[in-house]
Amino acid sequence: MTTVRRAVLTLPAAPLGPDSPLPALRPHDGTHAVDALTLASLPRDMARGIGRAPLRSLLPVPVRDGYGRERTPADLAAIVIENDRLRATVLPGLGGRLHSLHHKPTGRELLYRNPVFQPAAFALNGAWYSGGVEWNIGATGHTALSCSPLHAATVRAPDGGPMLRLWEWERLRDLPFQVDLWLPDGSDFLYVGIRVRNPHEHTAPVYWWSNTAVPEDRRILAPADAAWHHGYDRGLRRLPVPVTDDGTDRSYPLNGAHAADWFYDLPEGQRRWIAALDADGTGLVQTSTDKLRGRKLFVWGTERGGRRWQEWLTEPGTPGYAEIQAGLARTQLEHLELAGGAEFSWLEAYGPLAADPATALGDDWAAARAEVEGALAGALPRAAVDAAHTAWRDGAADAEPETPLATGSGWGALEVLRGRLALPGTPFPESTIGPDQEPWLALLRTGVLPAPAKGTAPGPPLVAAPWRDMLETAPADPSTEYHLGIAQWHAGDRAQAVRSWERGLRDAEVRWPLLYCLAVADREDGHPARAADRFAEAFADHADAGPPARDLAVTAALGREAIAALLAAGRPGSAAEVRERLPEEVRERGAFRLLEVRILLAEGRAAEARAVFDAGFEVADLREGAEIVGDLWAQATDEPLPYAYEFRMRPS
């Protein structure tokens, strides 16, 4: 019989630390982008999907950058789903990640299972970790919920057994979603029913990719003869697979020198699947109903940068991994439209596959694909997947949760109250509302946004149009003007946002939040000198405050922004003065050691900058695709870049 139970997973883990206290007024520089020339050459529907509703900011979610790289054993809450064939381990507190899928009869782990928990700056809003199967919703990239808790509970599966439901409110697009996982009795496949709903009247952009990490010493097979190749040079071109024009068989991840995405171009009517098989012809297969159209292979490449990133995400000596992925669109660069009041739903299945290795790993690609598809048809017929989806959607997707297992955020409850929404199967009870949501609940019920406690900064923002409307009619005070300006900025009304922040600044007791927002506006409007002055003023306003108003996370965040802005304005001396005002424990962090290198180089002190490199440092929140470390090294010395600082992912 299938069981669902709580468990504890103990791993060496780096603590997440505090979120950034600064509002995320800008998105990060996307590594997953397409240059204008390439965009003009693409099929029209693909170009439309790529250009649909790009993020103007990360609001209202915070940037998660408070983690480090020191790991100690930690107990992580887990939920185990188990039958006599499979054991699936889920981490509800970390985005609902499927951490492990163990096949009992063979004793095989079907996924790449990371032996550590090490956050890195790969998610849209920062902290992300590698391994397992992740559920990505929101916008192009890894979800902002990568390291956040989801609601979890048991529900009745279509066959009457227990099922695990995960659900949350995705805040970048303001959409609720659910992920239902169950193991039919005696099944070799884990079923995953997924639903994304749009409870609003307006059309919403939707993005979804299920990303599965597998050992990279596999052959990756999918039912396609071509793929759209996307690299870190921001191009997108259609190439034959598995053997590309240069004669390389790209179905083997270790044949690629550089990190790249391969989005398979599956023909219409083709069954959706992707498999990762070892030298014996055995491994993992993922299949789905047809709604989940796209399939993708991501490889790190064999060059030094790709290998270094692999180590960065786990620990030296750990085998590398690749990712096989499945999404709603052909590529991860596209978004679909979901009409108001409508939903997307589909069913995925994950399980073991055994194929004849002589054929599946042979040079005849058509025969290899046919062998895998035949093995899949024998193990899990296409009709069975479609029938399971129908049974789930018609009989179980709306079933109310039974036994609570984990609690997510209170943002969904707030939105349900505001919109008076009915979302069968995914309750967001008012009891989950906490301190971050309480001021907004008061605004909803009274029309007044309560001011923060004396001497403290405003709390987390909300930016959706209904909240902006409420802020515009609420009694004005510095906190309300701050939040109104953020909502206006998010809506694209930058001039009005600046006016709101300037009004709030006149009477603000705590000035740094408003000064920070005005500094960002100056920087975005092309006024680097004025931006630098305001960033420095924001830092000084907070640094001059006495305890308990002074907060280390705020000090570090404002100091980092001020130093970078002063350097951009050509004022390295002032940047050095800000750095000297930081507490020593902040100055010794890798990000600030890197800023020290920038200051020294700007002052023409290359030898001293080189000495900082020689002493060694690690920038914990170095972003995917970042090349600044290598660029600064090249300014300090002509010597080859040491492997410890090798994070370049593009061909040189």
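## Two helices side by side

Angles between helix axes here run from 0 to 180 degrees and are taken between N-to-C directions. With that in hand, look at helix 13 (residues 528-543) and helix 14 (residues 552-568) in this predicted model: their axes come within 8 Å and cross at roughly 155°. Angles over 145 degrees count as roughly antiparallel, so that is the label for helix 13 and helix 14. The crossing of the two is left-handed.

Who does the touching? On the helix 13 side you'll find Ala532, Phe535, Ala536, Ala538, Phe539 and His542. Helix 14 brings Val554, Thr555, Leu558, Gly559, Glu561, Ala562, Ala565 and Leu566 to the contact. Sorted by class, this contact has 10 nonpolar residues, three polar and one charged.

## Strand 12, wrapped up

Now for strand 12 (residues 190-197). Eight of its eight residues are buried, so the strand is largely enclosed by the rest of the structure. In a regular strand, side chains alternate between the two faces of the sheet. Here, Leu190, Val192, Ile194 and Val196 point one way from strand 12.

Which strands pair with strand 12? Strand 11 (residues 175-182) pairs with it in the antiparallel sense over six bridges, and phenylalanine 177 stands opposite valine 196 of strand 12. Strand 24 (residues 343-354) also runs antiparallel to strand 12, joined to it by eight bridges. If you want a landmark for that pairing, glycine 193 stands opposite leucine 347 in strand 24.

## Helix 7 and what follows

Helix 7 (residues 411-419) has a run of buried residues: Trp411, Gly412, Ala413, Leu414, Glu415 and Val416. A glutamate is on that list, as Glu415. What do these buried residues pack against? Their partners are strand 10 (162-170), helix 8 (438-446) and helix 9 (465-473).

Arginine 420 belongs to the loop between helix 7 and helix 8. This arginine is exposed, with a relative accessible area of 79%.

Most residues other than glycine have a negative phi, and most peptide bonds are trans. Arginine 420 is one of them: its phi is near 50°, a positive value in a residue other than glycine. Aspartate 174 isn't a glycine either, yet its phi is positive at about 60°. You'll find aspartate 174 in the loop between strand 10 and strand 11. Is aspartate 174 buried or exposed? Its relative accessible area is 17%; buried means under 20%, so aspartate 174 counts as buried. Arginine 420, by contrast, is exposed.

Then there are the cis peptide bonds. One joins leucine 59 and proline 60, with omega at about 5°. That proline sits in the loop between helix 2 (44-50) and strand 2 (72-82). Another cis bond runs from valine 241 to proline 242, with omega near 5°. Proline 242 lies in the loop between strand 17 (236-240) and strand 18 (260-264).

Technical notes: Residues numbered from 1 in each chain as written. Predicted model: local features only at pLDDT ≥ 70, side-chain atom pairs only at ≥ 80, totals over all residues. Heavy atoms only, no water. Helix = DSSP H or I, 4+ residues; strand = E, 2+ residues; numbered from the N terminus. Parallel < 35°, antiparallel > 145°, perpendicular 65-115°, else oblique. Left-handed = near helix turned anticlockwise from the far one by under 90°. Contact = heavy atoms within 4.5 Å. Nonpolar A, V, L, I, M, F, W, Y, C, P; charged D, E, K, R; others polar. Buried < 20%, exposed > 50% of the residue type's maximum accessible area, 1.4 Å probe, protein only. Pairing = 2+ DSSP bridges.
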